[in-house]
Amino acid sequence: MDDLEKAILISFDESGAVNSGLKEQAVAFIQQVKENSSVCSICIEKLCFSKLVQVQFWCLQCLHEVLRVKYSSMAPEEKSFIRKSVSSIACCEPVHANDSNSASILEGPSFIKNKLAQVVVTLIYFEYPSIWPSVFVDFLPNLSKGAMVIEMFSRVLNALDDEIISLDYPRSQDDVAVSGRIKDAMRAQCVPQIVGAWYDIISMYRNSNPELCSSVLDSLRRYISWIDIGLIANDAFTGLLFDLMLVDGLLDQLRAAAAGAVLAVVSKRMDSKSKLSLLQNLQIRRVFRLVAGDSDSELVSSVAALLTGYATEVLECSKRLSSEEGKGVSLELLNEVLPSVFYVMQNCEIDSAFSIVQFLSVYVGTMKSLSALTETQLLHVGQILEVIRSQIQFDPMYRNNLDVLDKIGREEEDRMVEFRKDLFVLLRNIGRVAPDLTQAFIRSSLDNAVSSSEDRNAEEVEASLSLFYALGESLSDDAMRTGTGILKELVPMLLSTRFPCHSNRLVALVYLETITRYVKFVTENTQYIPIALQAFLDERGIHHPNVNVCRRASYLFMRVVKLLKSKLVPYIETILQSLQDTVAQFTRMSTASKELSGSEDGSHIFEAIGLLIGMEDVPVEKQSDYLSALLTPLCHQVEVALLNAKSHNPEEPLAQIENLQQIVMAINALSKGFSERLVTATRPGIGLMFKKTLDILLQILVVFPKIEPLRSKVTSFIHRMVDTLGSSVFPYLPKALGQLLTESEPKELVGFLVLLNQLICKFGTELRDILEEVYPVIAHRTFNILPRNDIQSGPGSCAEEIRELQDLQRTFFTFLNVIATHELSSVFLNPKSSGYLDMMMQLLLYACCNHKDILIRKGSVQIFIRLIKEWCAGPYGEEKVPGFKSFVIEAFAMNCCLYSVLDKSFEFRDANTVVLFGEIVLAQKVMYEKFGNDFLLNFVSKGFQNVHCPQDLAEQYCQKLQANDFKALKSFYQSLIEKLRPQQNGSLVFR
């Protein structure tokens, strides 16, 4: 063993026994050898004599790298030496007289032979056919030496496909050109001989060496796509391939490889007429029986892929052929293969390249134009429905995970939701093509699911119910209401069914979702209302043992109540009685927990009750009794909790706070069922009950002023009372707003401003007195919190704080806009507020010109327009607000209406910016109407002169402004700005 071999062994050592310093020396030594000009000769020499696989691999790898990187600079003699040497090794011939190692390389491990094949393919890349035209022809006579050379030849062909020819990998244009050159030369020179060799090898070795034949068939499969199909698609070769598939006793791997080769023949690209003839001649029915074997076997998987591929090609032919004869043959072949394809879809592992949904969707699409389906087609549609049902079923192994909804269960549920989408689209298409059959299938599925045993039917029931639910998307409202087809049997059957597996979370949820989807049927068939209610009120729904099901049931029940409305009046007593424990449980202190968060927090049951008892159809006495029975205990719980808190002896303060949150949420949800007209006009007694409740809940803000979740819940209730009580809420507003103003954090201010915006939009100028009291406080706090310019974000800044500041800024601008547009701008001028007027103007001016949010810029311009209209009487009128006119003309007009739009960041291609620009032009129009020549002279003589505007364009602007065509003014001003921009050269300075 020489130094190089020792260094190679050390460098490849993975045992950890070699010192790291020694390993580094070995790697450095090997690198020196690589840089030696005679490294290729050294490698060939080692390959001839060394028996060490590490040395063999290193030498082959080195040759591969040198050829790939340095081929163009190598001497012709060196290339010739490598070519002859590598060819000799691959064909099991001695490189020179003393070589005794070629056979040992071909007998070596796979990674050595694969690397040798890679070296040969690299030479083919550079040299075939111009320099080394005989590479394939040289191989063929050597195949008679036996399995070693045959296997090496197959490895070379496979490596050629992987490295150069196959389109499964991205290729450069140069590589594509090389691939074309090699394929053209092979077709002209040696493909028929190679195919003949394949045939002979398979025939000779099928029994004695099936693994070798499998390798040869793999090469064959790869090359079928670009060689003459007639070489394979003939009686002799296809007969051999089918014979291999059909003979029992042969190795599964060999039979599967034969199926793969036939699939390549089937998938060969050609014109549809020729393809149909080829498919017909294959007599594919011969292999149908093979898919009934072990579904996990390699043979069954390969035959399954063959049948699905064959069916896809037949379907494509039927679409593309226009002749009746072609369509007839296609249909015949399709009808023949489809039963086996359906079997494969339900029982076998499907090749990932085949899309079940895509294939079935295309097949069902061929039926859409037919007036009636044949018996065979109806049979196939039934089988497709079976496939859909089997595909959408959850795996029973995940049953417990899905029931408790742990991480695994959640992931599986999300995966299935996504997976089902296309299958449900297919189902709806079938429902349109064969509605009666689809409904009958679903009924049969439900019948079977009900009768099967509990331990195995949860997944079947869930799938059957999901099919029924998905079908509803394709039905019109009329079809739902009248119960088209057998729906009139299916819906009552669904309502009255109690599945053995109803305790399963998924089954319970899809059952309730399906009832909710088809409840329109109950609106027309009111005799089913009792059993529909029972489904929601018993252990199938709101009283289900799974809390997630209970909450979802509450939400869905609320939707059902909204739909059925007055039809439920006779059942109110029954419903309220059934819900007594649920109502009590929701607000019970010991059960309040953080788990009751999110959109389905359980409060929907109170909304449902509110919708029921809030109808005018309910007698007034009954309504008062129902509402009192709910509000009185809830308000009492609040009063007790507040007393405990005031006495400084709170029991479990955290639990009390959570309990109060639950109560406020419940009352809030309950009030949604009562209209403003009912509580203020027709039944003021009901309104009085809500006023008393509001008064009690406002005490929460006094006792717990700093508990943000509670503040949020009470604020939400105030919002609700504004809508419900109308102007009669006014006496409660000073107290409510006063308490809400005690906190100054951005998040709390945002909530407060949103409430004020609602009040202003609802009551307008009636709110003036209240606003004059609260605006100075809001302005003081907001201007202390918000920066005068942009909100800075960057290193060291807290993302949450930045987001809260941005929310506050956005909401404050909206607040100013709402005040200005509801004739309340006098609030800004009130003596208590006037000290903040200049700060407000500077903030608005900066926002008009520079804010990154275009919508805020637009809103700020609109505020200025409104203030100009309200505060400025006309060109000769008295100034209502001293200094405002000059500020608008000199600051707002110049900076916003001229300089800001000249900036290149003002992007006219953006739709929102175009809308902003329209507001800016409108502002100019309004300023001219109010200020006349005072505005025009300043804007044109100072502003236009500063931006180097030509005199003729300035005169045109004046004419457009004084005319009555706003559209023409806007268009001209945009073109003017675009003409002026190139002249600015970054010289604009915002004042």
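Buried means under 20% relative accessible area, exposed means over 50%, and partly exposed lies in between (1.4 Å probe, protein chains only). This is a predicted model, in which local features need pLDDT of at least 70, side-chain atom pairs count only at pLDDT 80 or more, and totals for chains, interfaces and linings use all residues. Residues are numbered from 1 along each chain as its sequence is written, and side-chain values use heavy atoms, with hydrogens and water left out.

**View 1**
Helices (H or I, at least four residues) and strands (E, at least two) are DSSP runs, numbered from the N terminus. The relative accessible area of M480 is 5%, so M480 is buried. What is M480 in contact with, leaving aside its neighbours within four places in sequence? The list is G472, L475, R517, Y518, K520 and F521. Contact means heavy atoms within 4.5 Å. L808 is 328 residues apart from M480 along the chain, and their C-alpha atoms are separated by 47 Å.

**View 2. S474 lies in the loop between α23 and α24.**
Helix α23 spans 454-471, and S474 has its place between that helix and α24. S474 has 21% relative accessibility, so S474 counts as partly exposed. Not counting residues up to four places away in sequence, S474 touches R428 and R432. From S474 to F606 the distance is 32 Å in space, C-alpha to C-alpha, and the two are 132 residues apart in sequence.

**View 3. The whole chain is built from helices.**
The secondary structure comes to 48 helices and zero strands. The radius of gyration is 41 Å, well over the 30 Å that the globule rule gives for 991 residues, so the chain is more spread out than a compact globule. That radius is taken over C-alpha atoms, and the globule rule is 2.2 Å times the number of residues to the power 0.38. Along the principal axes, the C-alpha atoms fill a box of roughly 115 × 85 × 70 Å. Of the 991 residues, 53% are buried. Take the contacts between residues at least 6 apart in sequence: 73% of them join residues at least 24 apart.

**View 4. The largest nonpolar core has 353 residues.**
A nonpolar core is a set of buried Ala, Val, Leu, Ile, Met, Phe, Trp, Tyr and Cys residues joined through side-chain atoms within 4.5 Å. Which residues touch the most other members? They are M186, F557, I613, F892, Y957 and Y973. Helix α44 (residues 884-902) gives the most to this core, with 14 residues. Look next at F557. Leaving aside neighbours within four places in sequence, F557 is in contact with L533, F536, L537, I542, I575, L579, I605 and A608.

**View 5. F917 is buried in helix α45.**
The helix runs over residues 911-931. F917 has a relative accessible area of 0%. Its contacts, leaving aside neighbours within four places in sequence, are V901, F906, F908, K970, Y973 and Q974. F917 and Y973 are 56 residues apart along the chain, and their C-alpha atoms are separated by 9.6 Å.

**View 6. N757 is a buried residue of helix α38.**
Helix α38 covers residues 746-763. Is N757 buried or exposed? At 10% relative accessibility, N757 counts as buried. Leaving aside neighbours within four places in sequence, N757 is in contact with T811, T814, F815 and V818.

**View 7. A cis peptide bond joins Y128 and P129.**
Where does P129 lie? P129 lies in the loop between α7 (110-127) and α8 (135-142).

**View 8. K565 and E823 have positive phi angles.**
K565 is not a glycine, although its phi is about 40 degrees. K565 has its place in the loop between α29 (547-564) and α30 (572-587). The relative accessible area of K565 is 51%, so K565 is exposed. E823 is not a glycine either, and its phi is about 55 degrees. E823 is found in the loop between α40 (799-821) and α41 (826-829).
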